[in-house]
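Morning, everyone. I'll take one residue, then its chain, then the partner chain. Please bring up the structure.

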Amino acid sequence: MDKIHSHRQVAAIKHSLFDQGYLDEQFIQLEELQDDANPNFVEEIVTLYYRDSSRLISNLDHTLERNPLDFNKLDTLMHQFKGSSSSIGAKRVKAECTLFREYCRARNGEGCRRSFQQMKKEYATLRKKLETYFQLARQAGPLETAYRPK
Amino acid sequence: MELGNNQQQQQQQHIHVLVVDDSVIDRKLLERLLRDSSCKAATFLDSGDKALKYLGLLDDELDNASSTSSESLQQNGMKVNMIMTDYCMPGMSGYDLLKRIKGSSWKDVPVVIMSSENEPSRISMCLEGGAEEFLLKPLQASDLKKLQPCFLKCFDNSGEEDTSRNPAKEKQQNQNVNEELWKT
């Protein structure tokens, strides 16, 4: 009974992650790549994403402190961040990256800074939710059926 | 999974793909996707310059006596059956890499370009530049299925290549004939 409850909890968290637009179809693609030969694939690639993101965020922070702003460099960094966010299905983070790049192209420094703060918030929220999700999923044990959001 | 014949099975096991992408996440994703494909061996590099060096195409290795020129690499049996490269990379772009490869002794190796930007002009430029296929990121299992004709092309013998053939038509023909290879 406990196991069923745990699985329901995990499913509920996943449901809300998709419902609230934190994750998109790409995340499901990753889950479908998880199998006996790669049993922790999703968590591994997401962990890699955290590490890579920390580096990029730190880089972006420093680059935003410069005066005048190097919009080309900012755009390049955000392009990388957008790419990796897209590859793991981080929908909201990806949207903020797109917005940031628009501000870069418009040479709007204030817009960039605002958008960057928002992006960091989205990233932090997603990270926290995913950490909870993976922790619960591990506790619940292997899932027999894949969940597909509507 | 039923494969056509023994020989084809053996050949599939020997396909070696060179992947060039500066994103560690995309390299990991591609590594996992390739595992399910006909390609059983892959090398992952994070820049065009490293790819050129790997292929023995760096300009500063003009000293042929001691060099690992591309001809000597190929003669020594180093195989690269296909190259998959990201378009947008710091330093050399995937398109630049494509042009360098097509202008070298590796020119017959199919090159696939990957990009997160769905820009028609970029896509046609790459295809006209000799790219075999253009894949849109984020990559999914279905994208690797699109490469099936490329993998089949790897079996094309080192004999004459008919440069006047129609790649799009061939792809369709190959897909029809070899649908089974992808069924598990």
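Is A:Ser85 buried or exposed? Keep in mind that this is a predicted model. The answer is buried, because its relative accessible area comes out at 0%, and the cut-off for buried is under 20%.

Where does that residue sit? A:Ser85 is in helix H4 of chain A, which covers residues 71-88. Set aside the neighbours within four places in sequence. A:Ser85 then contacts A:Tyr49, A:Ala90, A:Val93 and A:Lys94.

Next, the annotation. UniProt, in an unreviewed entry, places a domain called HPt at residues 38-133 of chain A. That span is 86% helix and 0% strand. Its end C-alpha atoms lie 19 Å apart.

Now chain A as a whole. It has 6 helices and 0 strands. Along the sequence, the pattern reads α-α-α-α-α-α. The C-alpha atoms fill a box of roughly 60 × 30 × 20 Å along the principal axes. Chain A has 150 residues, and 45% of them count as buried. Take the contacts between residues at least 6 apart in sequence: 68% of those join residues at least 24 apart.

Over to chain B. In what order do the strands of its sheet run? The order is S2-S1-S3-S4-S5: 5 strands, an open sheet, parallel pairing. Strand S2 (41-45) and strand S5 (133-136) of chain B stand at the edges. Each has a single partner strand, so one side of each is left without a neighbour in the sheet. From one strand to the next, the twist averages 20°.

Look inside the sheet. Strand S1 of chain B, residues 16-20, pairs with strand S3 of chain B, residues 82-86. That pairing is parallel and runs over 4 bridges. For one example, B:Val17 has B:Met82 in S3(B) as its bridge partner.

Then the helices on the sheet. Helix H2 of chain B, residues 24-35, lies across S1, S2, S3 and strand S4 (111-115). Helix H2 of chain B runs at about 175° to S2(B). Helix H5 of chain B, residues 94-102, lies across S1, S3 and S4. Its angle to S4(B) is about 175°.

To recap: chain A has 6 helices and 0 strands, A:Ser85 is buried, and chain B has an open parallel sheet of 5 strands.

Technical notes. Residues numbered from 1 in each chain as written. Chains lettered and ligands numbered in written order. Predicted model: local features only at pLDDT ≥ 70, side-chain atom pairs only at ≥ 80, totals over all residues. Heavy atoms only, no water. UniProt positions renumbered as here; feature names shortened; annotations may be inferred. Helix = DSSP H or I, 4+ residues; strand = E, 2+ residues; numbered from the N terminus. Buried < 20%, exposed > 50% of the residue type's maximum accessible area, 1.4 Å probe, protein only. Contact = heavy atoms within 4.5 Å. Pairing = 2+ DSSP bridges. Axes fitted to C-alpha atoms, helices over the stretch in contact; angles between N-to-C directions.
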